[in-house]
Amino acid sequence: MQEVTAYQNGERDYVAIRGDTGPLVYPAGFLYLYGWLKSFSTLGDNGGATRSDELGLGGSTSVEAIRRIQWVFVTLYLFNSMIVLALYQKVLGRIRQASSSQIDPILVWTWRILMGITCLSRRVHSIFVLRLFNDAPAMTLLHTSMLLFTEDYWGLGCVAFSLAVSIKMNILLFAPGLLLLLLQKNQCIAGTIKHLSICASIQLLLGWPFLSTHPISYLRKAFELDRVFFFKWTVNWKFLPEYVFVSKPWALLLLAGHLGTLKILASRWRKASVRQRGTAASAGWMSFTSKDRGKIRLSAEYIVYTMFATNYIGIAFARTLHYQFYCWYFYSLPILHGLSWISTSRNAPASASRILLNLLLSVTAIVGAEFAFNVFPATAQSSIILQISHLFLLGKIIMSDVPTMEFHDERKLK
């Protein structure tokens, strides 16, 4: 609220906007959102500023104001859960179409259990309802954009995606997957540029008060890519010596691992496209303009898996993970575990015992991650458990097949 107050008082230099927690390091959408929360929290409270307002925050940090904001985040949490469950349900519908009738009930109930897990995280409850971090609204918008993509509303989805980026830049971890999906959806580079222009236009519009006055300051702080985090807050690398954690070679090694794994997955995605659609059709979307190939519809499981998998690669190789970062990928853990196994066993008969064994291993890995994010302060042991959980799922993603893309020519369906 100190940063929001500085902005509302006329400050436009991002370097000069700071609070007790340090300088402002979030894009402009964060200021607008929390500015609205500040106004909403003190709505009708004429005495808030006089009771306890030494910092000039308009009473927005009073107990009454915080409780009012918490109710907003409770609503946000419920809405986000609804969106996430809708994504899981859409993927379940596709799974049921592809599964055999004999194994279908077990597979469906296994998936229902995975859906239920998305509602059980103690840490995520805290992030949304108690801590009131901007990670929560950012991820809610991201999940909304994914649901819009599965409904074939790509323009609106890009709007929601860009709004999420404007609140916190971690959403850019999903960008490689979105780029691939846009190329395949549009079947040409020109159409992809059109959708990317929607994302860029929103960033320019929201950031214009700062870009028009102190552009370098805004770009450096709002999208600070070279930021060095404190070792004491890391959840995932606590077993490392601090000098290694903050070193440049370690950062470059993680970056190389991130980019290298994305390259491996890109190769697998490319081979899957050739296998499912043929060489000519798979190469077509890299041409600059469309050659009247018709409208393309991507399957829900392919969209969800691609977006969540590319984000998860960034998480696995993240230089640090703080406690609030857990909501960046918690909701993707059950679906990635489920889809990674289902796609791997697509061509082999799945027995009930195999399904239940996969469920047991997946739940164990998710519980390991949940445990690590609930240990405070983090220890070497909790970080090792988290890394084992990460590596287990990372291996499943790398070894699994890509879900069915399910391209449809909609003109033939009309």
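Mentor: Ala, Val, Leu, Ile, Met, Phe, Trp, Tyr, Cys and Pro count as nonpolar, Asp, Glu, Lys and Arg as charged, and the others, Gly among them, as polar. The model discussed here is predicted.

Trainee: How do the residues of the lining of the largest cavity divide into nonpolar, polar and charged?

Mentor: The lining consists of Leu107, Thr110, Trp111, Leu114, Gly338, Trp341, Ile342, Ile355 and Asn358. Leu, Trp and Ile count as nonpolar, and Gly is among the polar ones. The division is therefore 6 nonpolar, 3 polar and no charged.

Trainee: Which element gives the largest share of the lining of the largest cavity?

Mentor: The largest cavity has a volume of about 60 Å³. Two or more lining residues come from each of α5 (104-117), α16 (333-344) and α17 (352-373). The largest share, 4 residues, belongs to α5.

Trainee: Is Lys168 buried or exposed?

Mentor: Lys168 forms a salt bridge with Asp135, with the closest N and O atoms 2.7 Å apart. Lys168 lies in the loop between α8 and α9 (175-186) and Asp135 in helix α7, so the pair joins parts 33 residues apart in sequence. Asp135 is buried, and Lys168 is also buried.

Trainee: Why does Glu151 count as partly exposed?

Mentor: Glu151 forms a salt bridge with Lys90, the closest N and O atoms lying 3.1 Å apart. Buried means under 20% relative accessible area and exposed means over 50%, with partly exposed in between. Glu151 counts as partly exposed because its relative accessibility is 34%.

Definitions and conventions. Residues numbered from 1 in each chain as written. Predicted model: local features only at pLDDT ≥ 70, side-chain atom pairs only at ≥ 80, totals over all residues. Heavy atoms only, no water. 1 Å grid on protein atoms, 1.4 Å probe; cavity = no way out; pocket = protein on both sides within 12 Å on 5 of 7 lines; lining within 4 Å. Points joined across faces, edges and corners; volume = space filled by probe spheres on them. Salt bridge = Lys/Arg side-chain N within 4 Å of Asp/Glu carboxyl O. Buried < 20%, exposed > 50% of the residue type's maximum accessible area, 1.4 Å probe, protein only.
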